[in-house]
Amino acid sequence: VKDLPGSQKKLTIKVSGDECTNAYESVLAKLVRGAEIPGFRKGKAPPAIVLSHFGKKSVSAEACESIIGAAVPLALQQKDIRAIGQARMADETAIAEMLDTFKPGEGVQFEVLVDVWPEAQLKGPYTGLSVEAEEEPFEEELVANALSEMRKRESMGLLAGGDTKATVYPARLEPGADEQKRPGAVAVVDLVGYKKQSDGSKGDKLPDLAIGENVEVVMETGKFFEGFVESIAGLEAGDEAAVPVTFPSNHKVAELRGVEAIFDVTIKGLKDLMFPAMDDEFAKKCNSESMADLKAKIRDSISQESAVSTSKNVNKALEDLIVELVDVDIPETLIDEQTKTKFANMMSDFKEKGMDDAQVKSMITKENFEKYKKTSYDNTVRSLRISFVIGEIAKKEAIKIDPSELEGEMANIRQQYAGEEIDEEQARSRVEAELERKKVLEFLKSNNSIKLVPKKVVEEPKA
């Protein structure tokens, strides 16, 4: 075994003449059992006839493949080498040369390259340091947003008067505890969609899925298709309009994704929306004793979310601190393996968020994977470096995972994916890594000085 740069090893493997004979005879016996040769029943042709039929070179090629396939894992096991990915021949011409010189009864020798799990070395202190992290502020505006959404869920629609016009409103209700009314806040419309031609005219009719009668459109910024509510603002019952739209790229109907269209819109009627007053009666509908109780619950929930966000900021700051504290030569094979896992997880997330199987499958291409690998490369290397330094700190500080905690997490995963096949070994490895990460980060928080600083305000670019 020879160590090479880039976390590689070169293995010189020798296979005895007896092993080569066994491999050759095993391949030939398999061919004999399955051979259908004219003049003989299946599996009854003599070995010499079968050898002549398939050709000695073909049999030798399969025997060489079998020899390499058996010898490499055995050599890795004997030398206690933790390989990443598949071993490969050190010389591209080695297989051809091996085949040319192969003879049953004579031994063979070949060299393979394997990427191995790299050895990491810590190169600096990881305790007694100072680190700054942004503190997520508690914003009273978030309480107002939450109360606004609750009031909207309790709203009542009333048929609007004849002179009412469709009116666009902001997402958040006006401040104030009194009952509020939004005239013309819902448009009841009939929709007929057409594909938009290159010259801007109407083309073929869209599928029935894009057509609807008595559709209720909430006249609120950001609702329905982008720009749709603004296009029908000011219209009254009985008015008609042609409204251009572009279907979003993640639309639930695959054939409509990204399609530019024109909708013929007929305003059938308008509704006013009435929003309840923010009083104790409203609070009780929201499972609270009073408005004071409701606001306290909302503030507590937002405070918890802020604390979680701050904790994530601290973790990231600590990771930024330790990522450079490790000397490790990460092989490309490991980066590829990590990228494949992240790419597969991203596809699973798309599916869980409602994307249909056909669209998910259409995205799983070599081209898309290579694009993803290129854009995520630096982050992938960073996450691997962090995992190595986390592992080294855990070893040095004898940080252990509680077996009962691990089993509890595994039980949750089995329950979550009940009825589905899961890779237990892979899931367990992922859970162990995450539990170890949490414990090491808690250790780092306790043994370093953490200073929380105000969150930076990102200024909007000037027009």
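Q: How many salt bridges does a search of the whole structure find?
A: In this predicted model, the search finds 25 salt bridges.

Q: What makes the pair of glutamate 220 and lysine 152 a salt bridge?
A: Their closest N and O atoms are 3.1 Å apart, and the cut-off is within 4 Å, so the pair counts as a salt bridge. Glutamate 220 lies in the loop between β10 (212–218) and α6 (228–232), and lysine 152 in helix α5 (residues 140–153), so the pair ties together parts that are 68 residues apart in sequence.

Q: Why are glutamate 220 and lysine 152 called buried?
A: Buried means under 20% relative accessible area. Glutamate 220 has 7% and lysine 152 has 16%, so both count as buried.

Q: Which residues are joined with Lys152 and Glu220 into one network?
A: Glu149 is joined to them through salt bridges that share partners.

Q: Why does aspartate 3 count as exposed, while lysine 9 counts as partly exposed?
A: Exposed means over 50%, and partly exposed lies between that and the 20% limit for buried. Aspartate 3 has 56% relative accessibility and is therefore exposed; lysine 9, at 21%, is therefore partly exposed. Their side chains meet in a salt bridge of 2.3 Å, N to O.

Q: Why is α11 called roughly perpendicular to α13?
A: The axes of α11 (residues 366–396) and α13 (residues 424–446) cross at roughly 70°. Angles of 65 to 115 degrees count as roughly perpendicular, so α11 is roughly perpendicular to α13.

Key:
Residues are numbered from 1 along each chain as its sequence is written. This is a predicted model: local features need pLDDT of at least 70, side-chain atom pairs count only at pLDDT 80 or more; totals for chains, interfaces and linings use all residues. Side-chain values use heavy atoms; hydrogens and water are left out. Axes are lines fitted to C-alpha atoms, for helices over the stretch in contact, and angles run from 0 to 180 degrees between N-to-C directions. Helices (H or I, at least four residues) and strands (E, at least two) are DSSP runs, numbered from the N terminus. Angles under 35 degrees count as roughly parallel, over 145 as roughly antiparallel, 65 to 115 as roughly perpendicular and the rest as oblique. Buried means under 20% relative accessible area, exposed over 50%, partly exposed in between (1.4 Å probe, protein chains only).
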